[in-house]
Amino acid sequence: MPNANHDNQNSQPTYELSQVQRRAVSELLRVSPVADDLATRFQQAGHSLALVGGSVRDALLGRLGNDLDFTTDARPEEVLKIVRPWADAVWEVGIAFGTVGCQKQAPGQDGANQSFQIEVTTYRSEAYDRTSRKPDVSYGDSIEEDLVRRDFTVNAMAVALPQKEFIDPHHGLEDLAARVLRTPGTPQESFSDDPLRMLRAARFAAQLDFEVDPEVVAAMTAMADRIDIVSAERVRDELNKLILAPHPRKGLRLLVDSGLAERVLPELPALRLERDEHHRHKDVYEHTLIVLEQAMALEEDGPDLVLRLAALLHDIGKPKTRRFESDGRVSFHHHEVVGAKMTKSRMAKLKYSNEMIKDVSRLVELHLRFHGYGTGEWTDSAVRRYVRDAGPLLDRLHKLTRSDCTTRNKRKAATLSQAYDGLEQRIERLRKEEELDSIRPDLDGNEIMQILELPPGPQVGKAYKHLLELRMERGPLGREAAIEALKEWWAAQSPA
């Protein structure tokens, strides 16, 4: 894979670049069967095809997956003609933006069949006007023209196929070796073309653990207000990718420091409260970033967006509830309730699903509940209510609550951890004894109607609620005791 000629004085040592290129060759050989087959078909139709952007970057980093991005001089209609007879499935969701998607089962280098998700995009350039939320798409005629319109130099590299010619007019390989994010042209032009690229800079910093060039940061800061014309859905999708990245702190700090967070997630910079002169409360912003990282460390099945969002937003009610008490202490009474409402509002503005809004805001609302547990003073009834109120979010609530301990006092941290261990052990004991995950009364609605000789209606609901409260307080009653308790309650409801 020949390298493009550079005269960049800041180039990395040759051995670093050669290591990178060896990884790339290995990755490209792995996907060669499907990539070369597709490229040959484009070549036979009189068109060029190149692996491009993130696929080339990831190949150079040794982390290329089975999602492959290609670029071509063929227009979308021509792309469809080429891929339809070849692909196992084709979709046209992005065709208005010049992208045709397809899926193909093909053998890898080892001969075993793999499933590839492929996108082929016509050479293009995108630009926003000052009043539009949607990019105008115009098609180009050369790959060089296409690459200069890419967001960052590390995403502006291509490998022409099937000949494997490496195309890197903007020194992306050197920036990759230096782990820096720069734009192919001026950052002002790049962000003016598509303001979402400012969020993408933060996202890539979080995903790749790269530094962002100071000129890029300066442009992000100066142009932060341009993000306002980007749709909430696109902003949300970038934020999700950033939050799910391996190093979200890096991206979030960049959003806050550049002023972008003020426009897309203002609750985060608002956490940078001025501490009182005696430092009697923590830096809530720094605490939040630590909680997020500690929650990540407890994830068991990969990144968990609901947990990470709850960790990020759990204290956003503190600025609105901060009070300086007469004894000099600082309080944040009911910040969890206020924070849950703020979470619902912000997530709704960012067009999150109702289910995700419900889950994240519920975790924010419940995150302080454990602190009433003390050293185990809760009754079994209180433990049952804790489990019932958390419902299917209980495992996440465990993780969020544990993560919320950021004290440097080792004794205090150990005491909190032991208390939560004790709570989890009690939950497990009750779970085994009482089918705790599906707490319900000992009698169902039909049985209540039969015993009390009632038709369907609100009285049945009241009776059910009464029995549920008894179940929460006393645990399982058994059928006979439940019938007796129901009749006693009904007698008390009836006029003398």
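Me: Which strands does helix H3 lie across?
Reply: In this predicted model, helix H3 (residues 76–83) lies across strand S2 (67–72), S3, strand S4 (99–107) and strand S5 (113–122). Helices (H or I, at least four residues) and strands (E, at least two) are DSSP runs, numbered from the N terminus. Residues are numbered from 1 along each chain as its sequence is written, local features need pLDDT of at least 70, and side-chain atom pairs count only at pLDDT 80 or more, while totals for chains, interfaces and linings use all residues. Side-chain values use heavy atoms, with hydrogens and water left out.

Me: At what angle does H3 run to S4?
Reply: H3 runs at about 20 degrees to S4. Axes are lines fitted to C-alpha atoms, for helices over the stretch in contact (heavy atoms within 4.5 Å), and angles run from 0 to 180 degrees between N-to-C directions.

Me: What is the strand order in the open sheet?
Reply: The seven strands follow the order S3-S4-S5-S2-S1-S8-S9, with mixed pairing. Two strands pair if DSSP finds at least two bridges between them.

Me: And which strands stand at the edges?
Reply: Strand S3 (89–91) and strand S9 (165–167) do; each has a single partner strand, so one side of each is left without a neighbour in the sheet. The twist from one strand to the next averages 30 degrees.

Me: How many bridges join S8 and S9?
Reply: Strand S8 (residues 158–161) pairs with S9 over three bridges, in the antiparallel sense. Val 159 stands opposite Phe 166 in S9.

Me: Changing topic: how do the axes of H9 and H10 cross?
Reply: The axes of helix H9 (residues 232–243) and helix H10 (residues 248–258) cross at roughly 135 degrees and come within 8 Å. H9 and H10 are therefore oblique to each other; angles under 35 degrees count as roughly parallel, over 145 as roughly antiparallel, 65 to 115 as roughly perpendicular and the rest as oblique.

Me: Which residues make that contact?
Reply: H9 contributes Leu 239, Leu 242 and Ile 243, and H10 contributes Pro 248, Gly 251, Leu 252 and Leu 255.

Me: Is Ser 361 buried or exposed?
Reply: Ser 361, in helix H16 (residues 354–366), counts as buried because its relative accessibility is 3%. Buried means under 20% relative accessible area, exposed over 50%, partly exposed in between (1.4 Å probe, protein chains only).

Me: What does its side chain reach?
Reply: The side chain of Ser 361 reaches the backbone oxygen of Ile 357 at 2.7 Å.

Definitions and conventions. A polar contact is a pair of N or O atoms within 3.5 Å; within protein, one must be able to donate a hydrogen and the other to accept it, and residues adjacent in sequence count only if both atoms are side-chain atoms.
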